[in-house]
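Have a look at the model first, then work through the points below.

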Amino acid sequence: MDGAGTFLNGPYTGTRMLDWALAYAERGWHVFQMRQGTKEFFGNCSRCKPSGDHYDTDAHAQGSEQCTLHPEGYARCHGLWSATQDPAVIHHWWTENPHANIGINCGRSGIACVDIDIKHHDGKFGDRSMAALEERRGDFPTGPRAVTASGGGHWVFGLPDGHELRSSTGYTDAKGRAHGLADWVDIKAVGGLMVAAPSLVYDSKRGVVTGQYTWETDGDLPVPVLPSWVAEEIVQREKRESAKPSARLSFPRSDTAEYDEVKARVIELADEVAANRGEGGRNNLLLQNAGMAFQYAGAGQISPDEVEDIFVQAGIGCGLPETEARRTTRNARNHNLSKPRAWAPSFKKSDAAGLTNLIRPRTAPQAEPTPERGAAPVTVPEQGAPTPETVEQVFESREAFTERMKGIEDPASRKNEARTRVKHFARLKSTEEERQVERDFLKATTGLSKGDFDSLYSSTAMSGKKSVSGTDGKPMLDLTEELDGYINLVGLIQKRIFPETYVRDGKLVHVQPVSGVRATNKKFNTSTYQAKDITASTMRRLVALHTRTMKLTEKGVSSPLPAPSLCEAVLTESDWQGLPLLNALVDAPFVREDGTICQVAGYDEASGMWLGLPEGYIPVPENPSAEDVAEARALILDQALRDFPFVTTADRANAVGMLLTPMIRFIIKCPVPFCFINAHAPGSGKTLLAKIAIAAHGGGSWTFPLHDEAEQRKQLTTILMDQASPVVNFDNLKRGSTIDAATLDSMLTEDIWKDRVLGANISIALPNDKLWLGTGNNIKPSRDLSTRSFLVELDAKMERPDLRPTNEFELGDLEQWLLQPQNRATLVRSLLILIRDWAAAGMPKITKTMRVFTPWAGNVGGILKHHGIDGFLANEHLLAEADEEQQQDSLFLQKWMELIGVEPITASDLIVRYRATITDTCGSFNTMGTDPWQGSFPARANDKPYSAVGLGRWLGRRKSTPMSGFVLRGRHDKAASKTWWWPERMPDNPVPIPAQGVQESLI
């Protein structure tokens, strides 16, 4: 680091907070610590933290002179009051809390920070306020400028000499009084603080990092002096703008730039409708887009009649009949015109004079009403929701309504139109005399009785007012007709109105936070989110949270939830092309197919995964430095794995490969072999090694039913259905047992596992995307499983390794170390650094053939070789040697050759010759003596000898199977109805036999 300025231009990841803090101090700024991922101050005295380790404002106010300093004198009490430039203090602070955020005491540092709040979705337009301010006062000088974690801005200036500028907040209060420099623009000066890059903002409820402070401009720029007119502007604004009366918005003239931009937006929405010529969702899209446009009309930006004409033509253009297009457009007008929402066009400085119309209504003359519906201006008060004065302003004039009723002959349709008009009338402030006039008018034009009018008016008045005053931008779901309700609800789902809703295997899935999750057997999992199939009840809850519903009946208008039967009908849909695919939820970052790392919390479109980041996780840079790689390698090999008693370097390399595997699933695209973690004594660390993988990636431990194939299948299917468990550990397999499970053997080589759902006649297909582990003492794989596995062997070379004191280990009690969220995040980051460094080098692979697992072996071996970790899979021969059955069969063939020879004989002759060798050696067949076959001659499970038929079947099951250098051959003689058998030695370099050269037939 050459200096503070040069350092500010460096990368934001891979660099310690300590270095940033020192750089700021070198620049002359006073820094202090804030809690990691927050803006909270630290507190470290008894008065300040009676219930926690955060700063307590009230307690501090009682007397800061009573605060107890840190024993070494490095007190961080309290926040900006502790700010310093002392490198020793800074070193101490960030060594003790290396990931703490950085705060700067602006006043003590002699700077002023212009804090611009930009959250358009929350109605905060600090960027527009600044543009209007610069248009009036001139541009601010350019200096260090940062982007805040929420997307706002920090502009840094020096305080004018001899002038003490106090901090201020820019806003307009409920009475219309202006405060500060500009709305959503604050000044952080004397008594204020600035959060500095690269500080993070962490959402503790969601468990994700939501943003980071970054420098936008060149860090070497000098800090300019804050313009002297800023203090003057604050005083003048409070006098100038607080005196303005509230006013109305009128429709813009058609020759203004605002009108052109709003109309262009309306046409854009209409074009989207016209282009949607598919059968599904046309009505809903028309209703939604037209509704947005009518909200612009409600804000006085365009005439509602013009909007209606545009969208009726758009509906016809997408293939709807004209009557249906007009009816849907009218529904959109009825539901949205009274809920104004201004369209904010792209802003230019030249438009600054008119910008305040979007920030605060100005006085404008009210246009004269015309006989046509919607031509009069809409009244928008300065505070609160719109309160139109007449029904003509939000619906249509009585003359236009009467004319339209002449074209409707059906009495029921005429009454429905009347009900819609009453719904709008009920939202207005009206006298009894005005209501009587409206009753008489509707009685004459539609036949609506006085009783119907009164019941409809009374039942809709409150709901109508609530709908207006509670305007929140939620889409309207019309449930008046069941068919329209179905179409509208499907359309809302396709438009992704419901957040965190995805599709998986044709079913709707919702990702939602879950509180109070018990650890159970997933001790290290930190995920507080679950993905669940959407049911009818879930659908009703989502509708309640994210839409407004309405249903017109003879009794009035109501806001019901959709019927369960309607929701169930919607859920029968399986074609949800508008929704993204959800593969699974994961608790740790992973590597995409192209080698980039997914490390942003939430849904990742490229992989279809939903990621929950570990608490305190720091993103991995695209190109890790040599220092980053060295630290990551040291953490894994010299700390986390250092104290495990690996037998060979191959066992250590295989253990690292095991930890890397879940992160490269999208690169290898194949199943993963079973990992045997075998020890020779309890307490050697086999389960703890598995827990490292579980802590890093998520998962849990299960028992394995060794001798029940049906239960094995059920268990494997249940585990694969759990999408949130990337690591599966079959813990404490029976000591000395041979793991012989045909179901497990089959599953390990399958990309997709198919089975029947327990208790239902339904077949499911599940991706085999787990890392499978098995731990035990002196466990052995079967012959088939040995070719589907890799080995990590531990030998502590002592009788009770579990009694070793934990203070002798590099990380102390490793299990407790893993339970600390910051340690878990560091472990995950270290593994990712190794992978990312390998990916940046071009993803070199090793050449290793391993059945369907070859891509896994090539990529994992490539990562390990890239980092100089030798021995990967060098112990694979030990798995074959562990197969006792194969060793016994091999010994049998060897003794056959020695005692009988290699001439072909039948199974019956083999029994006779065997008995002869026993008699020759031992004196008689039943006399105990030395067995020349060394117990290798085949026998039944109860140790009784085979009959000739039984021995023939036993030999048939082993025909042509290589067994440690030997092979059994057989030939069937159809004419004699006999099968001839003989042993052979396997050649060192076997040559495949051409198919036409094979004379033997299968038995």
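Let's start with a helix pair: helix 9 (residues 282-298) packs with helix 10 (residues 304-317) at an angle of about 165 degrees, and their axes are 9 Å apart. That angle makes helix 9 roughly antiparallel to helix 10, and helix 9 passes helix 10 in a right-handed crossing. Keep in mind that this is a predicted model.

- Helix 14 (residues 398-405) and helix 16 (residues 432-446) have axes that come within 10 Å and cross at roughly 20 degrees.
- With that crossing angle, helix 14 is roughly parallel to helix 16, and the crossing of helix 14 and helix 16 is right-handed.
- Helix 21 (residues 626-640) packs with helix 29 (residues 821-840) at about 125 degrees, their axes being 9 Å apart.
- The crossing in which helix 21 passes helix 29 is left-handed.

- Thr323 belongs to helix 11 (residues 322-336).
- Is Thr323 buried or exposed? Thr323 has a relative accessibility of 64%, so Thr323 counts as exposed.
- Between Thr323 and Val312 there are 9.1 Å in space, C-alpha to C-alpha, and the two are eleven residues apart in sequence.

**Aromatic rings**

- How many aromatic pairs does the structure hold? There are 23 of them.
- Take Tyr24 and Trp29: their ring centres are 5.7 Å apart and their planes sit at 20 degrees, so this pair is stacked. The cut-off behind that call is planes under 30 degrees apart.
- Tyr24 is buried, and Trp29 is buried too.
- Tyr914 and Trp933 make an edge-to-face pair, because their ring planes are at 70 degrees, with centres 5.6 Å apart. Here the cut-off is planes over 60 degrees apart.
- Which parts does the Tyr914 and Trp933 pair tie together? Tyr914 lies in helix 33 (residues 907-922), while Trp933 is in the loop between helix 33 and helix 34 (948-956), so the pair ties together parts that are 19 residues apart in sequence.
- Tyr914 and Trp933 are both buried.
- Those two rings also belong to a cluster: ring pairs link Phe892, Trp896, Tyr914, Trp933, Phe937 and Trp954.

**A charge over a ring**

- What sits over the ring of Trp155? The charged end of Arg145 does, 3.6 Å from the ring centre.

**Cysteines**

- If you're setting up bonds, note that a search of the whole structure turns up zero disulfides.
- Cys106 is buried, with a relative accessible area of 0%.
- Cys598 is buried as well, with a relative accessible area of 1%.

Technical notes:
Residues are numbered from 1 along each chain as its sequence is written. This is a predicted model: local features need pLDDT of at least 70, side-chain atom pairs count only at pLDDT 80 or more; totals for chains, interfaces and linings use all residues. Side-chain values use heavy atoms; hydrogens and water are left out. Rings of Phe, Tyr and Trp (its six-membered ring) pair if their centres lie within 6.5 Å; planes under 30 degrees apart count as stacked, over 60 as edge-to-face and the rest as tilted. Buried means under 20% relative accessible area, exposed over 50%, partly exposed in between (1.4 Å probe, protein chains only). Helices (H or I, at least four residues) and strands (E, at least two) are DSSP runs, numbered from the N terminus. A charge sits over a ring if NZ of Lys or CZ of Arg is within 6 Å of the ring centre and within 35 degrees of the ring normal. A disulfide is a pair of cysteine sulfur atoms within 2.5 Å. Axes are lines fitted to C-alpha atoms, for helices over the stretch in contact, and angles run from 0 to 180 degrees between N-to-C directions. Angles under 35 degrees count as roughly parallel, over 145 as roughly antiparallel, 65 to 115 as roughly perpendicular and the rest as oblique. A crossing is left-handed if the near helix is turned anticlockwise from the far one by less than a right angle, and right-handed if clockwise.
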